[in-house]
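This report goes through a few features of one protein model. Please look at the sequence and the structure below before reading on.

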Amino acid sequence: MAEVVRDFRTSDKSMPGTNFAAVTVLCVTAAIASVLLTLVRELPIGTYYWDIYFFADAAHRIRGGEVPHQDFFLSVGALPYYLYELLWRVWPDGQPLLLGQYSLLIVTLPLMLAVVLSAGVSAGRVVAVVLPFAFFSLAPINSNEFVSVPSVDGYGLYNRQAGLLLYVLASALALVRRHLVLGTIVGLSAAALFFLKITGFVAGAGFVGVAVLAGRLGPKAIAAGLVAFLVPLALVELGLGIVSLYIADVLAMLSHNSGGFIGRFLRLVSHELDVLAPAAVLCGALAYLERGRLVAALTTPFPENVTGLFSLTSVQLALMTGFAILFEMQNTGSQEFIYLWPLLSGLLIPGHQLEGRWRVVIITLVAVTALSLITKTVHRLGRALAIMPTQISLDLPELGILNSVSARDDYIRRAEKLRAHFADNVNGYRTLISEGEDPSFLYYTTPDTQILYLIDVAEGIKAIRHHEEATGNHYASLAGLDYVDPLPMLMGRQGAKAMPMGLDPTRGYPAARHDDYRAGLAQVDAILEPICPLVDQRAAIRAIAEPVLEGRRKVQIDPCWVLYEKP
């Protein structure tokens, strides 16, 4: 470690048998998650809440025998959906967002328990690292919000999950001293990140690279890590054959989403300046305190200077923050930078070893950086909990497991009025879309539009059933032309093959996959187009599907739904 914390390494020793408190925290975390999954049936709906619906859809498809990347497209890895399906079996009536949030505990709790039991630092520091892990694991909340409405966050779930796995990885690198155990935890964490989100895996690889260059991972740890990483990949490839398909999807996504680096960077900095500014000052202060070793490392010939340079706390913090920035730039919704805390804790917990004014400076900077990581999430969670007693249920039994949200009564009334308004003014919104404009610049961010979506789906289900009864037809397979498509799951029908989980032609679905999507649509009995309202995203999806629709019989089954029947 750096000069400023070099003395801590001798005083911050393992205390066998004293990590009982940290183990207790992990057990309580599992118990709280179990209780909430058992008791909580509704949560307040918020911005982009519909992202959680394709978790349920993917889990339903997996349960029906479909294989991710083979039978349906994913812009991320398959791990979250398998975990969701597994937890759904245990809690079939679980609230969908909580199922998604807590399903990752199947992976992270055992790994964090291994970190705690193998920690080579003081019990106080271990507890200080485990407590934030427990909080962020349980809180279905992003750090930032799009609109100032108290709610939970259905969007950004896999970003939060990747952040929690990075937290486990960073904790292992900071706390564990047993080489084989450290390597195994690192390898398993890296494998989980690979199968969760590739950008999180890249950031984790950066963390591991810094640790290797700093001398934290020796040959034994590296060998154990490689085995722990490669064995799960080999087993998944041999069992399902999806690793190669996943890599192909990632490459397609990279070619589709290239560009916009500066804009994403500036957006992240503007959102997270309260974390990045004190972290930058802290790096500068640490570099000043370590200036003797820094100069020595920079003037020593390569490669003798590598370990000396990368073992500096200022260098480690700067590089980890850089890798974190690259990860968070790609995210819309996350618990940003929480995984910096395990490293920062090494400065704060034994901070009494510092002398004079630098003790105050370093501890203050660490505290300011760390508090910014948690206070926003705590505040948003508190607001969501505070308004829950005033919310009312949507009470839409047609939605099955998705009938699990609540909202203010005026939001629900507005959503109902908006649906009628959109139905009466379809041509007007068609003109608006032709000019490249949506009904609102931030249409999907407000609770009333998310409520409208659920009401519309419920009415669509009723319309399909009424049409089937009236005509004597039964559609064994269905597909909806929208960002998410829960209709087959909710009606117990077969969905379209090659359907993406989260269909966004402008961002999350590469053009190279359009032919597969059209081929899947061509096989279903009925294609449903929602038109309340017509928005740019729906228009883009319809444009992709247009060749399939041309040969089908068009039926208006509801003022807001058009059915295209297979001949």
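## Two helices side by side

In this predicted model, helices H6 and H9 run roughly parallel to each other, because angles under 35 degrees count as roughly parallel and the two axes cross at roughly 25°. H6 covers residues 96-103 and H9 covers residues 157-175. Their axes come within 9 Å, and the crossing of H6 and H9 is right-handed.

Which residues make the contact? On the H6 side they are Leu97, Gly100, Gln101 and Ser103. On the H9 side they are Leu157, Arg160, Gln161 and Leu164. Sorted by class, the contact of H6 with H9 has three nonpolar, four polar and one charged residues.

## Aspartate 57

Helix H4, residues 53-63, contains aspartate 57. Is this residue buried or exposed? Aspartate 57 has a relative accessible area of 4%, and under 20% means buried, so aspartate 57 is buried.

Leaving aside residues up to four places away in sequence, aspartate 57 touches Asp485, Met489 and Met501.

## Confidence of the prediction

The average pLDDT of the protein is 91, and 95% of the residues score at least 70. Over residues 1-17, the pLDDT is below 50. Beyond near neighbours in sequence, the stretch of residues 1-17 has 42 contacts in the model.

Where pLDDT is low, the predicted coordinates should not be read in detail.

Methods
Residues numbered from 1 in each chain as written. Predicted model: local features only at pLDDT ≥ 70, side-chain atom pairs only at ≥ 80, totals over all residues. Heavy atoms only, no water. Axes fitted to C-alpha atoms, helices over the stretch in contact; angles between N-to-C directions. Helix = DSSP H or I, 4+ residues; strand = E, 2+ residues; numbered from the N terminus. Parallel < 35°, antiparallel > 145°, perpendicular 65-115°, else oblique. Left-handed = near helix turned anticlockwise from the far one by under 90°. Contact = heavy atoms within 4.5 Å. Nonpolar A, V, L, I, M, F, W, Y, C, P; charged D, E, K, R; others polar. pLDDT = per-residue confidence, 0-100. Buried < 20%, exposed > 50% of the residue type's maximum accessible area, 1.4 Å probe, protein only.
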